[in-house]
Amino acid sequence: MLTCEPEFLQPELMDVVRLFEGAEDFSIAQSTAYADGAFENRVDVNGEVRTFSDEAAFSDELQYKSLCKRYAKLALYHALSEETGIALPWGALTGIRPTRLAYQELEAGRDFAPLFSRMMVAPDNTELVRRVIAGQRGIYERREGNCDLFVSLPFCPTKCEYCSFITAPIAATRKYLPDYLAALGRELAAAQPLIRTLRSVYVGGGTPFALEADELEEVLRAIAPLRQNGCEYTVEAGRPDTFTREKLEICRDYGVTRICINAQSFSDATLARIGRKHTAQAVRDAFALAAPYNFSVNCDLIAGLTGETFGEFCASVDEAIALSPDNITVHTLCLKKGARLKEETQRLGEGRLSEMIAYSRRALTAAGYEPYYLYRQKYMAGAHENVGWAKPGTACVYNVDVMEETCDNLAVGANAVSKKLFEGGRRIERHGSPKDIPTYLAKADKLISERAALFA
Ligand code: SF4
């Protein structure tokens with residue numbers, strides 16, 4: 001249990017508690033005050049009291065709150081780290097986007113490394129952020145009127161065991177598909193006049209290739225009038241067992257530039273364990289099937305999958321590199337709270353997971369890939385991160401824009417969150433659609449008018 005003073009720190013401090021396995025059961029009381037030019041934090045963990053003092057100056061209420069949160073989190077991090085004997089790779093940083101803090105420091109004319117060091121970020125992660133920022137050069141652009149388009153297709157052949165998306169097996173939801181495609185068509189037609197400069201289109205899921213070829217074509221036909229010249233166009237095709245020549249041809253005919261062939265692992269035993277219902281050979285076959293179309297290809301891998309050994313993970317990284325896609329994304333397993341996978345993954349041990357991630361960084365770097373986007377989620381195994389890697393000149397615009405929140409995002413379909421930037425990007429308003437398909441269908445027309453009001 002956590003109690004704190006002032007109360008507005010509660011959610012921030014809970015984010016720190018969640019980083020430490022088992023700490024949610026600790027008894028924690030924290031108080032934060034500002035006196036004589038310093039934030040004073042008193043942290044009581046299971047009866048042991050520690051105090052921390054951090055000098056800081058602020059000029060307004062907003063800055064006061066921001067610094068108050070920063071040093072309260074740092075104090076709690078130190079206390080929990082001492083209590084548990086655990087040091088975490090991102091230290092007291094809890095946000096989804098470590099690059100955001102780095103950009104803020106750079107925009108203020110300061111290097112971000114001293115702040116990262118103070119927040120106890122591991123030096124190799126500080127270096128990773130520096131490389132990510134370098135990898136975004138030429139793409140990172142905060143400009144009003146720039147927009148990305150996301151089209152949500154929450155359908156999959158089967159549900160993978162570790163998946164926390166709202167997607168459902170298509171056998172159970174196919175009955176909604178005709179109405180869903182019609183609603184998407186209406187949303188897209190209404191979106192066209194709201195978009196000034198379109199930087200990218202991303203058709204994601206789910207598994208867009210879970211749709212039949214004619215259904216997929218209906219989606220791409222509805223998108224066609226919105227595309228603008230030179231605009232990046234990704235269809236996150238998805239699982240290799242859904243690939244057909246016909247679907248790839250439709251993608252080519254509608255100007256798709258990028259697809260995803262998501263392996264997750266090249267170990268058949270792991271794939272069976274996580275409910276993927278395809279083999280490593282199916283991944284190789286999908287790469288071979290897609291090769292003649294010259295799409296830019298992304299391949300997803302996951303570190304920390306249940307039962308996967310260090311050797312199996314390294315072999316998966318090597319095999320993905322050997323297939324030579326433009327982009328390889330290395331995720332860390334995101335633990336679903338209370339899920340069986342959580343316990344199984346814990347058995348893997350943090351040491352092995354860190355070694356896996358370190359191996360992926362070494363191997364991808366040696367193969368000529370550079371990191372270009374990075375994000376973290378709640379309940380990530382070992383409090384690690386997800387990193388997108390790209391060969392030079394192939395970084396995905398959509399991923400950079402979404403992760404750095406530098407552009408508007410107009411998102412259609414169920415479980416789609418649109419974002420509109422105001423005041424030069426300093427303020428973001430969001431508009432979300434229902435996760436559940438029947439509710440989305442019932443509200444689709446209302447969503448259209450709400451979004452029009454936001455983007456008008
Ligand atoms: S294919 Fe992807 S979206 Fe679909 S169930 Fe598996 S992990 Fe989730």
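Tyr202 stands opposite Thr234 in β9. The model is a predicted one, in which local features need pLDDT of at least 70, side-chain atom pairs count only at pLDDT 80 or more, and totals for chains, interfaces and linings use all residues. Residues are numbered from 1 along each chain as its sequence is written, and side-chain values use heavy atoms, with hydrogens and water left out.

Helices (H or I, at least four residues) and strands (E, at least two) are DSSP runs, numbered from the N terminus. Two strands are taken to pair if DSSP finds at least two bridges between them. Strand β8 (residues 197–205) runs parallel to β9 and is joined to β9 by four bridges. Between β8 and β9 the chain passes through helix α8 (residues 213–223), and this β-α-β crossover is right-handed; that is, with the strands pointing away from the viewer, the path from the first strand over the helix to the second runs clockwise. Strand β10 (residues 258–261) also pairs with β9 in the parallel sense, over three bridges, and Val235 stands opposite Ile259 in β10. A right-handed β-α-β unit is made by β9, helix α9 (residues 245–253) and β10.

Seven of the seven residues of β9 (residues 232–238) are buried, so this strand is largely enclosed by the rest of the structure. Buried means under 20% relative accessible area (1.4 Å probe, protein chains only). In a regular strand the side chains alternate between the two faces of the sheet. In β9 both faces are covered: Glu232, Thr234, Glu236 and Gly238 are buried on one side, and Tyr233, Val235 and Ala237 on the other.

An open sheet of four strands has the order β1-β2-β3-β4, with mixed pairing. Its edge strands are β1 (2–5) and β4 (48–55), each of which pairs on one side only. Strands β1 and β2 (residues 28–35) pair in the parallel sense over four bridges, and Cys4 stands opposite Gln30 in β2.

Note on methods: Buried < 20%, exposed > 50% of the residue type's maximum accessible area, 1.4 Å probe, protein only.
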